[in-house]
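Reader: I'd like to learn how to read a model like this one. Can we walk through it together?

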Amino acid sequence: MIESAGLERRYRRLLAWYPRPFRREQEDEMLAVLMAGARKGQRRPGLLETADVIRSALGIRLLRALSFGRENRRWTDALALFSVVAPVFVVLVAILEVALPYHLPLRDRSPFLFHLPGSFTQVGGLSLLSAPFFDIAVGFQVIVAAFALLGRRRMTLIAMAASVLYWILYWVVFRYGISRVPDALQLVAAGAYILGAAAFLTSPGPPRGRRLVNWHHWAVLLPAAALVQILTLISYASSRFAWTATLIRYDAATRTATWGMMRPPDISGYLVIGTVLAIAAAGSALALKVNRYLLLLLAAMFYPYAIQLASSGIFSPDRIGANLLRMPTPAHLALLFAPPLLLACGGMLAAAPPRRPRTVMSSGPEA
Amino acid sequence: MTQRAMQEATFLILTALAAGSQHGYGIITDVALISDDRVRLRAGTLYTALDRLRTDELIVVDREEIVENRLRRYYRLTPKGSDLLAAEAARLQANAAAALSRLDPAGGTT
């Protein structure tokens with residue numbers, strides 16, 4: 001009896017590989033089958049038996065995550081939610097970008113710093129609104145978000161299409177203009193639009209998303225939007241370009257210009273704030289049990305921005321040339337946008353209703 | 001639409017249920033019997049198959065019993081499952097007949 005209890009406990013542990021909803025329904029039944037098939041005196045699951053259960057559990061997890069061949073309400077809902085929260089999130093990022101004039105915490109503050117145009121002592125702020133293209137780009141984002149919040153599916157889609165068209169035209173006509181728009185806004189918006197297209201194509205979109213959205217989602221997205229700004233600031237501050245450009249000192253009396261090196265600005269405070277915001281966003285997502293598929297979509301929306309940061313700012317502060325947006329080769333574009341595109345395709349497949357019932361299993365040799 | 005061939009384990013599970021409802025371990029022993037001990041299903045494989053067959057509405061839960069404090073859930077074929085099994089059996093039979101007729105000169109085409 002003791003041996004049997006030990007075996008049963010180990011089988012239950014093994015069955016924990018299955019997703020919880022499957023276990024709730026099948027665990028006792030599977031346990032009975034496993035126990036019935038156990039040899040006399042067997043104390044632990046056999047190797048082949050263990051491998052078989054793990055393979056089966058992983059297969060069921062994969063099938064249920066993607067739910068190919070049957071409508072997956074959680075994916076559909078996640079996409080519908082995304083169609084509302086993503087445009088609003090992009091506007092939040094833009095507002096924070098404009099509203100917060102970032103003063104880099106330089107250790108050696110020169111009195112001349114504030115008098116030099118483009119000194120990078122202030123990044124963003126209201127000055128951004130005077131930059132060509134930026135106000136129109138943000139205007140489009142506001143319109144898209146407003147239609148999404150109103151639950152207007154078609155109008156949101158039209159506004160999104162117009163916005164994308166404007167970006168493309170501006171890119172073609174005035175190539176450097178796009179660099180006036182902060183990277184964060186460009187990349188977060190691009191990720192939001194790629195995944196948003198999938199949301200519009202395969203889910204009810206804003207009308208349903210508006211009904212599903214609640215304060216849980218904003219509790220995650222607000223700190224996340226602030227985190228984007230903190231990361232942007234850290235990226236600027238970590239880039240040598242941001243602070244060497246401020247070091248020209250001109251003496252009118254002697255007609256000499258002095259070039260000096262300054263120590264990098266102290267960003268430890270921003271790192272602390274960034275960490276707190278990241279923990280707040282992740283903690284809220286876990287504690288409030290936000291739809292995991294929505295979190296996956298949001299992560300994919302962030303991905304291009306994270307890759308851009310990794311390649312140009314935080315992780316290679318001495319290199320200016322690693323900016324993927326400034327030199328958009330096909331490889332760079334693939335690196336930036338392939339993962340969200342793939343997830344968009346996967347999400348569309350998972351959320352699509354079945355066209356015909358499947359009749360055969362898709363697993364390998366089974367005996 | 002081209003119908004993919006049914007995997008042997010699926011075919012054997014449906015065959016085991018063709019005579020009447022069975023519980024999980026019953027299916028395993030019956031499949032071993034039908035296949036002359038050539039196919040021995042393991043629990044993980046069986047429940048992956050049952051999950052898919054239920055999703056495709058080829059089988060349904062017939063009833064549940066508690067035997068010696070253990071849950072037994074019995075499955076049975078749906079009409080759709082019966083039709084599919086019959087179609088697959090006919091297809092296999094036709095293929096086997098064609099192969100045998102060609103192997104046998106008396107009944108072959110040569």
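This is a predicted model: local features need pLDDT of at least 70, side-chain atom pairs count only at pLDDT 80 or more; totals for chains, interfaces and linings use all residues.

Reader: How many bridges join β2 of chain B to β3(B)?

Author: There are 8, and the two strands run antiparallel. Strand β1 (residues 22-23) of chain B is also antiparallel to β3 (residues 70-77), joined by 2 bridges. The hairpin of β2(B) and β3(B) has 2 residues between the strands, and B:E68 takes a positive phi near 50 degrees there.

Reader: On to helices. At what angle do α1 and α2 of chain B pack?

Author: In general, two packed helices are described by the angle between their axes and the distance between the axes. Here the angle is about 105 degrees, with the axes of α1(B) and α2(B) 9 Å apart. Angles of 65 to 115 degrees count as roughly perpendicular, so α1(B) and α2(B) are roughly perpendicular to each other. Residues making the contact include B:L12 and B:A16 of α1(B), and B:I27 and B:V31 of α2(B). By class, this contact has 7 nonpolar, 1 polar and 1 charged residues.

Reader: And the core: which residues touch the most other members of the largest one?

Author: In soluble globular proteins, nonpolar side chains tend to be buried together. The largest nonpolar core here has 58 residues, and A:F82, A:F89, A:L195, A:L294, A:L297 and A:M301 touch the most other members. Helix α4(A) gives the most to this core, with 13 residues. A second, separate core of 38 residues includes A:Y11, A:I60, B:M6 and B:A49.

Note on methods: Residues are numbered from 1 along each chain as its sequence is written. Chains are lettered from A and ligands numbered from 1 in the order in which they are written. Side-chain values use heavy atoms; hydrogens and water are left out. Two strands pair if DSSP finds at least two bridges between them. Helices (H or I, at least four residues) and strands (E, at least two) are DSSP runs, numbered from the N terminus. Axes are lines fitted to C-alpha atoms, for helices over the stretch in contact, and angles run from 0 to 180 degrees between N-to-C directions. Angles under 35 degrees count as roughly parallel, over 145 as roughly antiparallel, 65 to 115 as roughly perpendicular and the rest as oblique. Contact means heavy atoms within 4.5 Å. Ala, Val, Leu, Ile, Met, Phe, Trp, Tyr, Cys and Pro count as nonpolar, Asp, Glu, Lys and Arg as charged, and the others, Gly among them, as polar. A nonpolar core is a set of buried Ala, Val, Leu, Ile, Met, Phe, Trp, Tyr and Cys residues joined through side-chain atoms within 4.5 Å. Buried means under 20% relative accessible area, exposed over 50%, partly exposed in between (1.4 Å probe, protein chains only).
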